[in-house]
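I opened my notebook to see how the pieces of this chain sit against one another. Here is what I looked up, entry by entry.

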Amino acid sequence: MGLGVMILGLVLFLGVHLLTTQRDLRAQVIAMGGESAYKIGYALVSAAGLALIVWGFANYRATGWIDVWSPPTAFKHITVALMLPAVILVVASYVRGRIYTTLKHPMLAGVKLWAAAHLLANGDLGSIILFGSFLAWAVFDRISLKRRADPGAPPIPVGGPGNDLIAIAVGVVAYLALAFAFHPVVIGVPVVGA
């Protein structure tokens, strides 16, 4: 049951995010109900999808675990190491500096790195579906951005190297919080010693 709920959550969450890549369809949806209704609907569907992903994955982990392959222990250590740049990249998408101007879409790069790293460390079916779906979405979204005329996001001022230092500092703090507080408490898997 948990795997099915997680997949439904992925369909909702990633489906509404895929809508943004379809600019004509997105414009039609906005024209039907207005931009405020679109944004509210987008937020509600995203939140519902995320809640279903979290609940479904937790239920799957507790009751329906399906092993596909057993990753070597070294892959878990590689994942822990890759998560630091992944978090910094996500932060750099909001605290824009040279990292942003170099990569253009550091959020998508961070999501791809996060998903690929977790695919290395997890060999069960639920993890493969979860992280593989996010990886596929991020790759598709990046390709669609190359083909779009508009940037797809509101403009945020771009700073210089100082913003990169802020992004790195905030990224390190966020990484430590995720690794030592969020992951073991919410996900139920300790990062160190896992």
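**Entry 1: H6 and H7**

I started with helix H6 (106-121) and helix H7 (125-147). Their axes lie 9 Å apart and the helices pack at an angle of about 155 degrees, so H6 and H7 are roughly antiparallel to each other. I noted the angle scale: under 35 degrees counts as roughly parallel, over 145 as roughly antiparallel, 65 to 115 as roughly perpendicular, and the rest as oblique. Axes here are lines fitted to C-alpha atoms, for helices over the stretch in contact, and angles run from 0 to 180 degrees between N-to-C directions. Helices are DSSP runs of H or I with at least four residues, strands are runs of E with at least two, and both are numbered from the N terminus.

Before going on, I wrote down that this is a predicted model, in which local features need pLDDT of at least 70, side-chain atom pairs count only at pLDDT 80 or more, and totals for chains, interfaces and linings use all residues. Residues are numbered from 1 along each chain as its sequence is written, and side-chain values use heavy atoms, with hydrogens and water left out.

The crossing of H6 past H7 is left-handed; that word applies if the near helix is turned anticlockwise from the far one by less than a right angle, and right-handed applies if clockwise. On the H6 side, the contact includes Leu 108, Val 111 and Trp 114. On the H7 side, it includes Ser 127, Phe 131 and Phe 134. Contact means heavy atoms within 4.5 Å. By class, the residues of this contact divide into 13 nonpolar, three polar and three charged. Ala, Val, Leu, Ile, Met, Phe, Trp, Tyr, Cys and Pro count as nonpolar, Asp, Glu, Lys and Arg as charged, and the others, Gly among them, as polar.

Is Phe 131 buried or exposed? I found Phe 131 buried, at 7% relative accessibility (buried means under 20% relative accessible area, exposed over 50%, partly exposed in between, with a 1.4 Å probe and protein chains only). Phe 131 lies in helix H7. Not counting residues up to four places away in sequence, Phe 131 touches Trp 114, Ala 115, His 118, Leu 119 and Asn 122. I also looked along the chain to His 183, 52 residues from Phe 131, and the C-alpha atoms of the two are separated by 15 Å.

Leaving aside neighbours within four places in sequence, Ser 127 is in contact with Phe 57, Tyr 60, Leu 119, Asn 122 and Gly 132.

**Entry 2: H4 and H6**

Next I turned to helix H4 (residues 73-92), whose axis comes within 8 Å of the axis of H6, crossing at roughly 165 degrees. That makes H4 roughly antiparallel to H6. H4 passes H6 in a left-handed crossing. This contact has 17 nonpolar, three polar and one charged residues.

**Entry 3: the cores**

How many residues does the largest nonpolar core have? I wrote down 17. A nonpolar core is a set of buried Ala, Val, Leu, Ile, Met, Phe, Trp, Tyr and Cys residues joined through side-chain atoms within 4.5 Å. Among the residues with the most contacts inside this core are Met 6, Leu 10 and Trp 137. Helix H1 (2-19), H3, H6 and H7 each supply at least two of its residues, and the largest share, six residues, comes from H7. Apart from this core lies another, of six residues, among them Ile 88, Val 91, Ala 92 and Ile 99.

**Entry 4: H2 and H3**

The axes of helix H2 (residues 23-33) and helix H3 (residues 35-63) come within 7 Å and cross at roughly 115 degrees. H2 and H3 are therefore roughly perpendicular to each other, and their crossing is right-handed. Ile 30 lies in H2 and is buried, with a relative accessible area of 17%. Leaving aside neighbours within four places in sequence, Ile 30 is in contact with Glu 35 and Tyr 38.

**Entry 5: a loop residue**

My last stop was Lys 104, in the loop between helix H5 (98-103) and H6. Lys 104 has a positive phi of about 70 degrees although it is not a glycine. Most residues other than glycine have a negative phi.
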